[in-house]
Amino acid sequence: MYSLKIIIASTRPGRKGISVANWFIEIAKKDSNFTVEVLDLEKINLPFLDEPKHPKLQQYTKEHTKEWSKTIDAADAFVFVIPEYNYSMPPTLSNAIDFLYKEWNYKPVGIVSYGGISGGLRAAQMSKLQITTVKMMPMSEGVAIPFFEQHIDENGKFIGYEAADKSAEVLLKELLKWTEALKPMRNNK
Ligand SMILES: Cc1cc2nc3c(=O)[nH]c(=O)nc-3n(C[C@H](O)[C@H](O)[C@H](O)COP(=O)(O)O)c2cc1C
């Protein structure tokens, strides 16, 4: 079993994407290839990057960075659940990535995005620039949910539909392939 960590990027009070995240988490937990852990950036509560040295050196001075380093180091693969803000990826995620470097290396990432007509795709595409710079491998198969609020019921639960459920399954399959393929590289860091 591989360790899959699902990062929830929205930290806004009253955030709505948590329901999209919970829907995906339930699907991922049924996949016997992965043990799933959820990393909610709202709870992790990292400050803006406050380390004096470049993360490549791993000379961390703050407890929150040391904790974040351990958490990310232990993962084999990631899924980022991201909203789109002003056609961009959320700064919370960008900041959380910047804290570290080696801990991210050679790990595949699936992106679940949501928004209005774009389904968060502009944010997803933008995040790939940063993802590849820290030597993570983004999956081209992604889950994009346009007009996501239309699929949230009166209890705040995101109700999956055929295309969304299917794309989640395809993403997890692809993620497994890359998680296995990149294992030798992760072992030789
Ligand atoms: C600052 C801000 C900028 C936004 N920009 C976009 C956007 O560019 N594209 C889009 O589809 N939705 C945009 N929205 C609407 C979001 O899709 C919607 O608010 C969604 O609930 C955000 O996810 P969250 O509630 O999980 O934070 C924006 C919302 C905020 C708060």
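Which residues does phenylalanine 80 touch, not counting residues up to four places away in sequence? They are Ile7, Ala9, Leu93, Val109, Ile111 and Ser127, where two residues are in contact if their C-beta atoms, placed from the backbone, lie within 7 Å.

This is a predicted model, in which local features need pLDDT of at least 70 and side-chain atom pairs count only at pLDDT 80 or more, while totals for chains, interfaces and linings use all residues. Residue numbers start from 1 along each chain as its sequence is written.

Phenylalanine 80 is found in strand E3; helices (H or I, at least four residues) and strands (E, at least two) are DSSP runs, numbered from the N terminus. It counts as buried because it has 28 C-beta neighbours inside 10 Å. By definition, a residue is buried if 20 or more other C-beta atoms lie within 10 Å of its own, exposed if 12 or fewer, and partly exposed in between, with C-beta atoms placed from the backbone. Lysine 5 is 75 residues from phenylalanine 80 in sequence, but 8.5 Å from it in space, C-alpha to C-alpha.

Phe80 is also one of the residues that touch the most other members of the largest nonpolar core, along with Ile6, Val20, Phe24, Val79, Val81 and Ile82. This core has 47 residues. A nonpolar core here is a set of buried Ala, Val, Leu, Ile, Met, Phe, Trp, Tyr and Cys residues joined through C-beta atoms within 7 Å. The elements that give two or more residues to it are E1, H1, E3, helix H4 (91–98), E4, helix H5 (121–133), E6 and H6. In soluble globular proteins, nonpolar side chains tend to be buried together.

Valine 109, one of the contacts of phenylalanine 80, lies in strand E4. Its 23 C-beta neighbours inside 10 Å make valine 109 buried. Leaving aside neighbours within four places in sequence, valine 109 is in contact with Phe78, Phe80, Ile131, Met136, Met137, Pro138 and Met139. Its C-alpha atom is separated by 21 Å from that of threonine 65, 44 residues apart along the chain.

Helix H6 covers residues 162–181, which is 20 residues. At 1.5 Å a residue it should span 28 Å, and its end C-alpha atoms are 29 Å apart, which agrees; the expected span is 1.5 Å times one less than the number of residues.

The buried residues of H6 are Ala164, Ala168, Leu171, Leu172, Leu175, Trp178 and Thr179. Seen down the helix axis they fall within an arc of 130 degrees, so they line one face of H6; the arc is that of the directions from the helix axis to the C-beta atoms. On the other side of H6, Glu162, Ala163, Lys166, Lys177 and Ala181 are exposed. Among the elements that cover the buried residues of H6 are strand E1 (2–8), helix H1 (18–29) and strand E3 (77–83).

In H4, the buried residues are Thr92, Leu93, Ala96 and Ile97. These too fall within an arc of 130 degrees seen down the axis, so they line one face of H4. They pack against E1, helix H2 (41–44), E3 and H5.

| Residue | Other C-beta atoms within 10 Å | Class |
|---|---|---|
| Leucine 172 | 23 | buried |
| Lysine 135 | 15 | partly exposed |
| Glutamate 180 | 14 | partly exposed |
| Phenylalanine 147 | 12 | exposed |

Two of these residues lie in loops and have a positive phi although they are not glycines. Lysine 135, between H5 and E5, has a phi of about 60 degrees. Phenylalanine 147, between E6 and H6, has a phi of about 45 degrees.

## Around the ligand

Of the 13 residues around the ligand, Ser10, Gly17, Pro83, Gly115 and Gly116 come nearest; a residue is near a molecule if its C-beta atom, placed from the backbone, lies within 6 Å of it. The shell divides into three nonpolar, six polar and four charged residues. Here Ala, Val, Leu, Ile, Met, Phe, Trp, Tyr, Cys and Pro count as nonpolar, Asp, Glu, Lys and Arg as charged, and the others, Gly among them, as polar.
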